[in-house]
Amino acid sequence: SLDRRQEQLGERLDALDTQVEDLAPAGDVSRLQGRLARAEEDAAAAKKDAKKASDTLTELGDRVGTLEEDPSAVADTPGADNDSNGSEPPP
């Protein structure tokens, strides 16, 4: 019947209205998108920093290994104090 159809339509409209009210405001969504973009940028920068630190650690490990194998290689090590015999710390 027509009354029953109108009642069903009213219930559907009420349900739809409730769903629309539960949606996040556009401003909230926009702010969240901005925060997500910043978090992704920060994560990319952190990944680059971690890679750089890992590369530095690998290089230092290689240099220590070289020095353990041949202590006279100190003179060939970049940044080494070539005037020192390695037994005394620099002044």
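**View 1. Leu16 in helix H1 of the predicted model.** Leu16 lies in helix H1 of this predicted model. Leu16 belongs to a nonpolar patch on the surface, together with Leu9, Leu13, Val20 and Leu23. The accessible area of these residues together is about 500 Å².

View 2. Glu21 is placed in helix H1, which spans residues 2-22. Its relative accessibility is 57%, so Glu21 counts as exposed; the cut-off for exposed is over 50%.

**View 3. Ser72 and its contact with Asp70.** Ser72 is found in the segment after helix H2, a helix that covers 26-69. With a relative accessibility of 55%, Ser72 counts as exposed. A polar contact of 2.5 Å joins the side chain of Ser72 to the side chain of Asp70.

**View 4. The whole protein, for orientation.** The secondary structure consists of 2 helices and 0 strands. The protein has 91 residues, and 2% of them count as buried, a term that requires under 20% relative accessible area. The accessible surface of the protein is about 8,300 Å². Carbon and sulfur atoms account for 54% of that surface.

Key:
Residues are numbered from 1 along each chain as its sequence is written. This is a predicted model: local features need pLDDT of at least 70, side-chain atom pairs count only at pLDDT 80 or more; totals for chains, interfaces and linings use all residues. Side-chain values use heavy atoms; hydrogens and water are left out. Helices (H or I, at least four residues) and strands (E, at least two) are DSSP runs, numbered from the N terminus. Buried means under 20% relative accessible area, exposed over 50%, partly exposed in between (1.4 Å probe, protein chains only). Patches are made of residues with over 30% relative accessible area and no salt bridge: like charges are joined within 9 Å, nonpolar side chains (Val, Leu, Ile, Met, Phe, Trp, Tyr) within 5 Å. Accessible areas come from the Shrake-Rupley method with a 1.4 Å probe; for residues, only the protein chains shown count as cover. A salt bridge is a side-chain nitrogen of Lys or Arg within 4 Å of a carboxyl oxygen of Asp or Glu. A polar contact is a pair of N or O atoms within 3.5 Å; within protein, one must be able to donate a hydrogen and the other to accept it, and residues adjacent in sequence count only if both atoms are side-chain atoms.
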